[in-house]
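Reader: Please take a close look at the part where the two chains meet, and describe it in one connected account. I would also like to hear about local backbone features that deserve attention.

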Number of protein chains: 2
Amino acid sequence: MDTAEPITRLIEELKRLPGIGQKTAQRLTYSILRKSKTDAEQLARAILAVKEKIVYCRQCNNLTDVDPCRICANPARTNQTICVVEEAHNILSIEKIREFRGRYHVLHGVLSPINGIGPEELNLKNLFGRLEQNDVKEVVLATNPTVEGEATAIYLAKLIKPLGIKVTRIALGIPVGSSLEFADEVTLSKAMDGRREI
Amino acid sequence: MDTAEPITRLIEELKRLPGIGQKTAQRLTYSILRKSKTDAEQLARAILAVKEKIVYCRQCNNLTDVDPCRICANPARTNQTICVVEEAHNILSIEKIREFRGRYHVLHGVLSPINGIGPEELNLKNLFGRLEQNDVKEVVLATNPTVEGEATAIYLAKLIKPLGIKVTRIALGIPVGSSLEFADEVTLSKAMDGRREI
């Protein structure tokens with residue numbers, strides 16, 4: 001190929017990111033080429049900075065630049081509710097609704113026997129340590145509504161309930177703004193099961 | 001927000017790329033966090049390298065790490081056919097079919113009076129210089145089949161034909177693997193106009 005090596009190399013590097021195929025990688029590469037040098041340097045520095053400065057929070061496994069993380073360290077938040085999520089980025093989504101004022105626990109995965117991920121891989125000791133030491137009143141299970149996420153939620157519920165802690169699962173149902181006709185049968189069935197009096 | 005600053009900064013930087021919204025930027029950021037430090041550094045270095053090493057080819061305006069670019073410098077290619085494209089990344093697409101063995105000319109834009117882009121902005125002097133100096137037999141107009149791309153092709157054809165050079169336009173029609181029922185009327189009309197004897 002008669003293409004410049006730095007260009008093909010950046011395309012190859014970008015293609016290693018999830019969801020980025022050949023065409024998107026090309027488009028991004030050429031848009032980086034159109035940026036000013038300062039802007040491109042800022043992007044490169046931001047990439048290096050996350051790898052240099054981000055560690056796991058020793059309490060909740062969140063990705064953070066200070067340990068314990070800002071959520072665990074925030075005195076305005078309560079230890080009484082712990083929201084269990086699969087991945088650290090799930091916290092971003094929940095934080096965005098600005099409603100939840102408890103703390104989190106990141107599993108960094110879900111139970112998935114087919115991928116060899118059992119309870120040991122999820123570092124649950126850490127979670128149960130928190131449940132024992134703190135005055136936790138409720139654990140919200142916010143794993144994804146996938147087969148693995150559901151199985152993980154059921155598994156955790158079985159272990160946590162005997163500790164006398166309330167265990168809840170986020171509601172599964174029709175997304176707001178969608179319509180019944182677009183909902184699959186499983187979602188519709190969950191929506192029916194989860195119906196509430198109004 | 002209780003989120004780590006390096007994480008939000010990388011998300012913001014990624015969002016400045018075209019077609020990258022909040023959710024994709026988040027997904028990419030967390031995938032970069034999961035990469036090894038070496039892999040993240042490679043990506044950052046590749047970004048810096050394109051800005052440091054890539055220049056415009058003085059002959060064809062292609063983006064290149066050597067000037068003239070590898071395509072202009074390749075003695076196995078012919079000066080007799082010049083393919084005019086809107087953007088440097090269009091060259092990648094055409095090179096991939098491994099059929100075209102002529103040279104390119106990159107306009108870095110299209111005529112777009114609404115955006116204030118007239119013939120002066122497209123650096124056409126450069127192109128006509130090449131047409132005069134070299135023994136060019138054919139100019140292939142491969143601008144996009146958009147209103148602006150079409151207008152640019154027609155404009156260039158009008159200027160180039162009087163020089164006694166054959167001017168061709170890439171075929172517009174039904175994409176291979178698609179079907180008539182999915183083609184819009186303009187495409188179908190172009191496909192009928194462009195029909196060839198078999």
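Author: **The interface of chain B and chain A**

In this predicted model, chain B can be laid on chain A with an RMSD of 0.1 Å by a turn of 180° together with a shift of 0.1 Å along the axis. The two copies are thus related as by a two-fold rotation axis. The same surface serves both copies, since 100% of the contact residues of chain B recur in chain A. Of the residues of chain B, A44(B) comes closest to the rotation axis, its C-alpha lying at 2.2 Å.

As to extent, 59 residues of chain B are in contact with 59 residues of chain A. The size of an interface is often given as the accessible area lost when the parts come together. Between chain B and chain A the buried area is about 5500 Å², and carbon and sulfur atoms give 67% of it. On the side of chain B, the residues that lose the most area to chain A are D2(B), K51(B) and L92(B), which together make up 13% of what that side buries.

D39(B) forms a salt bridge with R16(A), in which the closest N and O atoms are 2.9 Å apart. Across the interface of chain B and chain A there are also ten residue pairs in polar contact, with both residues of each pair at pLDDT 80 or more.

The elements that give two or more residues to the side of chain B that touches chain A are α1 (5-15), α2 (22-34), α3 (37-53), β2 (63-64), α4 (70-73) and α5 (88-96) of chain B. Of these, α3(B) gives the most, with 15 residues.

For the setting within a chain, the domain assignment of chain A gives domain 1 (5-53) and domain 2 (76-169). The C-alpha centres of domain 1 of chain A and domain 2 of chain A lie 34 Å apart.

Over all chains the structure holds 20 salt bridges. One that lies within chain A joins the side chains of E12(A) and K15(A), at 3.5 Å from N to O. Because E12(A) and K15(A) are three residues apart in helix α1 (residues 5-15) of chain A, they are separated by about one helical turn.

Some local backbone features remain to be described. Most residues other than glycine have a negative phi, and most peptide bonds are trans. In chain A, however, the peptide bond from D67(A) to P68(A) is cis, with omega near -5°, and P68(A) has its place in the loop between β2 (63-64) and α4 (70-73) of chain A. In chain B, a cis peptide bond likewise joins D67(B) and P68(B), with omega about 0°, and P68(B) is found in the loop between β2 and α4 of chain B. Both β2 and α4 of chain B are among the elements that give two or more residues to the side touching chain A. A further backbone feature concerns R98(A), which has a positive phi of about 55° although it is not a glycine. R98(A) is found in the loop between α5 (88-96) and β4 (103-106) of chain A.

How values were computed:
Residues are numbered from 1 along each chain as its sequence is written. Chains are lettered from A and ligands numbered from 1 in the order in which they are written. This is a predicted model: local features need pLDDT of at least 70, side-chain atom pairs count only at pLDDT 80 or more; totals for chains, interfaces and linings use all residues. Side-chain values use heavy atoms; hydrogens and water are left out. Copies are superposed by least squares on the C-alpha atoms of residues with pLDDT of at least 70 in both. Contact means heavy atoms within 4.5 Å. Buried area is the accessible area (1.4 Å probe) that two parts lose on being put together, summed over both. A salt bridge is a side-chain nitrogen of Lys or Arg within 4 Å of a carboxyl oxygen of Asp or Glu. A polar contact is a pair of N or O atoms within 3.5 Å; within protein, one must be able to donate a hydrogen and the other to accept it, and residues adjacent in sequence count only if both atoms are side-chain atoms. Helices (H or I, at least four residues) and strands (E, at least two) are DSSP runs, numbered from the N terminus. Domain bounds come from an automatic or database domain assignment.
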